[in-house]
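The following exercises are to be worked with the sequence and the coordinates at hand. Each task is followed by a solution in steps.

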Amino acid sequence: MENKDDEVKKAQVVEARARNISHNVRCTECGSQSIEDSQADIAILLRKLIRDEIRAGKNDKEIYKKLEEDYGETVLYAPKFDLQTAALWLSPLLVAGAAAGVWAYKKHRQKTNVHIMALDLVRGVPLTPKEKETMLDLLTPPPPQGVTPSSLWSRLRGR
């Protein structure tokens, strides 16, 4: 009785491992499905191959390696990380880092005004808030002169 229970447990373990591996392997015929979900002939063959490899005592890593050697790297849903794929894997981080850098630089640039900092250095004493406001008013360029929607509206109303 115990021997039969052991056989059932081993079969369940093999089945669970095979399903787990099959979910991570792409069907070479379908492309968009895992071999677990596909009913293509190659998918059925690969599922049988995986179960045979598990019964032969191979671990998951060895099975993935064999599948990759036989069918190419595209058979796996999660390709390995190496120098060839590093740019692909790291590009979202690089783009996010560059965007954060640009954003931080613009925020810093808004908060600091070179002219006010220079006056602080020359005087040796920081400017008061009123002096800073006056300096910013003097240093801020006037709005562009020309045709704006509000000036057109004023002209149309006769002002």
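**Exercise 1. Leaving aside its neighbours within four places in sequence, determine which residues E29 is in contact with.**

Step 1. Apply the contact criterion, heavy atoms within 4.5 Å. Once neighbours within four places in sequence are left aside, E29 is in contact with A40 and I42.

Step 2. Helices here are DSSP runs of H or I with at least four residues, strands are runs of E with at least two, and both are numbered from the N terminus.

Step 3. Compare sequence and space. E29 and I42 are 13 residues apart along the chain, and their C-alpha atoms are separated by 7.0 Å.

Step 4. Classify the accessibility. Buried means under 20% relative accessible area, exposed over 50%, and partly exposed in between, with a 1.4 Å probe and protein chains only. E29 has a relative accessible area of 57% and is therefore exposed.

The model is predicted: local features need pLDDT of at least 70 and side-chain atom pairs count only at pLDDT 80 or more, while totals for chains, interfaces and linings use all residues. Residues are numbered from 1 along each chain as its sequence is written, and side-chain values use heavy atoms, with hydrogens and water left out.

**Exercise 2. Is S34 buried or exposed, and which residues does S34 touch?**

Step 1. S34 is found in the loop between α1 (2-23) and α2.

Step 2. The relative accessible area of S34 is 4%, so this residue is buried.

Step 3. Not counting residues up to four places away in sequence, S34 touches S22, H23, V25, R26, C27 and Y77.

**Exercise 3. Describe how α2 and α3 pack.**

Step 1. Two packed helices are described by the angle between their axes and the distance between the axes. Axes are lines fitted to C-alpha atoms, for helices over the stretch in contact, and angles run from 0 to 180 degrees between N-to-C directions.

Step 2. For α2 (residues 41-55) and α3 (residues 60-71), the angle is about 140 degrees and the axes are 11 Å apart.

Step 3. Angles under 35 degrees count as roughly parallel, over 145 as roughly antiparallel, 65 to 115 as roughly perpendicular and the rest as oblique. The pair α2 and α3 is therefore oblique.

Step 4. List the contact residues. From α2, I42, L46, L49, I50, E53 and I54 meet I63, K66, L67 and Y71 of α3. By class, this contact has eight nonpolar, no polar and two charged residues; Ala, Val, Leu, Ile, Met, Phe, Trp, Tyr, Cys and Pro count as nonpolar, Asp, Glu, Lys and Arg as charged, and the others, Gly among them, as polar.

**Exercise 4. Where is E53 found, and is E53 buried or exposed?**

Step 1. E53 is found in helix α2.

Step 2. The relative accessibility of E53 is 13%, so E53 counts as buried. The buried residues of α2 also include I42, A43, L46 and R47.

Step 3. Not counting residues up to four places away in sequence, E53 touches K58, I63 and K66.

**Exercise 5. What follows α2, and where is N59 found?**

Step 1. G57 follows α2 and has a positive phi, near 95 degrees.

Step 2. N59 is found in the loop between α2 and α3. With a relative accessible area of 39%, N59 is partly exposed.

Step 3. N59 and R17 are 42 residues apart in sequence, and 9.5 Å apart in space, C-alpha to C-alpha.
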